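Hi,

Here is the structure I promised to hand over. Please have it open while you read the notes below.

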Amino acid sequence: MKKWFAVIGNPINHSLSPVMHDTWLAEQHINASYIPVHVEEDKLCDAVQSLKLLGCSGWNVTVPYKEAIIPYLDEVDQSAKGIGAVNTVVKTEDGRFVGYNTDGLGFIESLGAISQTNRILLLGAGGASRGIAHAFKQLGFSQIAIANRTYANAERLVEELQLGQAITLEEAQSTLGQFDIIVQTTPQGMKNNSAALPIQLHQIKEHAIVADIVYNPLVTPFLEEAKKYNVRTVNGLGMLVHQGAIAFTYWNGVKPNTEQMVERLTEQLGGNYVNR
Ligand code: ATR
């Protein structure tokens, strides 16, 4: 039987995952397809049963089901357990369904070569920040600060993950020069959202990396601002591609080409922006 994979979510029609995975499947000569599945709010249970029944070999999970999917799985790996969310489901050879979270690791891979001694500043304390903070911790990074509009949420995350320190956005701005990697994880800057910057970057360190997990637009107002300081900027497309590549490797046992995919999707999104 031809293998097939899926992504479930709501909404799902703008997902870039189908074109990404179908391209990789073709490049690797794997006879399989990857299908977007729109799942209505009260239909997650039915949808998961159907995926299992119809022989789906694995699927991605996106908003709003990353947490709700967990009870339907046979097992959840350490990273997904720690984060409390699953974005990738793998069917094992003996027919069990195991949940993983590749978002945080995917983000870190998208940064390229970095060092454990780097000091990290995360802006935002929501689900995306949790995933990234957890992955940094897993990889042995210990100098992490989480700054958030609502300070109590940053405090809660730091406590939950047992790492780093919580600071206010004002503190983040005034101590910015201490950080090597600054990650914007809030939806601010997304198309149709506020263009206001979470913090000003006057104090930024030379050779810092500024990353935004948003990829629509490819250059957010935050990255636009960072470019004025001549630092390396990384947009959210790399995270999308690398989280997908890790999932692809779980499913197919081979690593797909991430660099070409970032270029291809950048072109598809109409930008000539290249991460430097
Ligand atoms: P996700 O799960 O995608 O990370 P989320 O859980 O909605 O999204 O988290 C949103 C994060 O962005 C939160 O840290 C939120 O701050 P609060 O804890 O104060 O709500 C932050 N956020 C959202 N909109 C923001 C804005 N306009 N300015 C600053 N922070 C914002």
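This is a predicted model: local features need pLDDT of at least 70, side-chain atom pairs count only at pLDDT 80 or more; totals for chains, interfaces and linings use all residues.

Residues are numbered from 1 along each chain as its sequence is written, and side-chain values use heavy atoms, with hydrogens and water left out.

**Ligand site**

The residues around the ligand are Gly124, Ala125, Gly126, Gly127, Ala128, Asn148, Arg149, Thr150, Asn153, Thr186, Pro187 and Gln188. By class, the shell holds 3 nonpolar, 8 polar and 1 charged. (Nonpolar: Ala, Val, Leu, Ile, Met, Phe, Trp, Tyr, Cys and Pro; charged: Asp, Glu, Lys and Arg; polar: the others, Gly among them.)

Polar contacts next (N or O atom pairs within 3.5 Å; within protein, one must be able to donate a hydrogen and the other to accept it, and residues adjacent in sequence count only if both atoms are side-chain atoms). An N or O atom in the Thr150 side chain sits 2.4 Å from a ligand oxygen. For Arg149, a polar side-chain atom lies 2.9 Å from an oxygen of the ligand. Gly126 uses a backbone N or O atom, 3.5 Å from a ligand oxygen. On its own the ligand has 650 Å² of accessible area, and the protein covers 64% of that (Shrake-Rupley method, 1.4 Å probe; for residues, only the protein chains shown count as cover).

**Strand S3**

S3 spans residues 58-61 (strands are DSSP runs of E, at least two residues, numbered from the N terminus). Gly58 and Asn60 on one side are buried, as are Trp59 and Val61 on the other. Buried means under 20% relative accessible area, exposed over 50%, partly exposed in between (1.4 Å probe, protein chains only). In a regular strand, side chains alternate between the two faces of the sheet.

S3 pairs with S1 (residues 3-9) in the parallel sense, over 4 bridges. Pairing needs at least two DSSP bridges. Phe5 stands opposite Gly58. With S5 (residues 88-91), S3 pairs in the antiparallel sense over 3 bridges. There, Thr88 is the bridge partner of Asn60.

**Cysteines**

How many disulfides does the structure hold? It holds 0 (a disulfide needs two cysteine sulfur atoms within 2.5 Å). Cys56 is buried at 0% relative accessibility. Cys45 is partly exposed, at 32%.

Best wishes

Terms used:
A residue is near a molecule or strand if one of its heavy atoms lies within 4 Å of it.
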